[in-house]
Structure formats: C-alpha cells, structure tokens
Amino acid sequence: MTYNQVVTEVENLLKSHAMLNTVRFASPIEWINWDDQPVFPLACFTLNSGGLNAGREQVYQVNLWFLDKSGKDGEFETEVTSDMHSICADIVSKMRSKSQEYTIDTNVSWTAVSEKYEDYLTGVTCTINLSIVSKFDACNMPTI
C-alpha cells in the first residue's frame, strides 16, 4: 500500500463507524482554527512518520484522536471519555481483523484527553503502527 492508500484506508475505516460524525485528516491543533466547525463526535488522524524495514516491510505510524465536547464545566467528561474509548477500541479491533492486508501492533496504548484544545474537548488518543509487506522490491524499481 502507498501512503495515499493508507490515508484512504484509515479515513474510510473511521467514516464507517456509526457514532462518528466527522473525520479529519489533520491533528486537532491543525483543524481547531478552521472556519468550518465540525460536527461532534469527531475522529482525526495524522500519518507523519514510519519506517522502511528489512524484508520489504513498510511501517506507518498513525496518530488517532477521538473527541467530543464535555460541557463548559466538564460535567460530561467521564461519559465522553468512556464513549470515545469504546470507539477507539472498535477501530483497533477492526484494524486487527484478519481481512486486512496489514497488521498493527499487538499492544496499543491510549491516553485520555481532558478539556484540551478549544470547545472543552475530551476523549482519547492513541498511536498505531500499521505494518505492510510490500509486494515490490528493488527489482521492480523504475530505472532509466
């Protein structure tokens, strides 16, 4: 899979979750000041690093955020964190499905996000290493 294909795959997976109303390919800091306001709950992601390992393995580090508003005084923080954690668990479970052409880490850690950014957003964030073994090697490289 190419970088573009990984972005599309992750975006489509997030959009398929019934509880998410908005998906953004950007970090919260990037989209928070955009003119158009998202409809919450929201998932956003970045894909800014990875590795080109031996054996044609390509690793993409996917950073995910699952966020919703927790109320001006944070009165819904526990419920929102719980809901966003459940969505995160659903996505990780789907990514571990045997039908995918990639694998992810055996252990995925998550971190609570509490009243961060603007609009009193709460939720969870995690980073997933997505590994793909390329079908192509140096013999397939275009040359002049």
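Predicted model: local features only at pLDDT ≥ 70, side-chain atom pairs only at ≥ 80, totals over all residues.
Y60 stands opposite L130 in strand 6. Residues are numbered from 1 along each chain as its sequence is written, and side-chain values use heavy atoms, with hydrogens and water left out.

Now the strands. Strand 3 (residues 57-69) runs antiparallel to strand 2 (residues 42-52), joined by 10 bridges. Strand 3 is also antiparallel to strand 6 (residues 121-133), this time with 13 bridges. Strands here are DSSP runs of E, at least two residues, while helices are runs of H or I, at least four, both numbered from the N terminus; two strands pair if DSSP finds at least two bridges between them. G51 has V59 in strand 3 as its bridge partner. Four residues sit between strands 2 and 3 in their hairpin, where G55 takes a positive phi near 75°.

On to salt bridges (a side-chain nitrogen of Lys or Arg within 4 Å of a carboxyl oxygen of Asp or Glu). The whole structure has two:

| Pair | N to O distance |
|---|---|
| E11 and K15 | 3.8 Å |
| D36 and R24 | 3.0 Å |

D36 lies in the loop between helix 2 (28-31) and strand 2, and R24 in strand 1 (residues 22-24), so this pair ties together parts 12 residues apart in sequence. R24 is buried at 9% relative accessibility, but D36 is partly exposed at 45%. Buried means under 20% relative accessible area, exposed over 50%, and partly exposed in between (1.4 Å probe, protein chains only).
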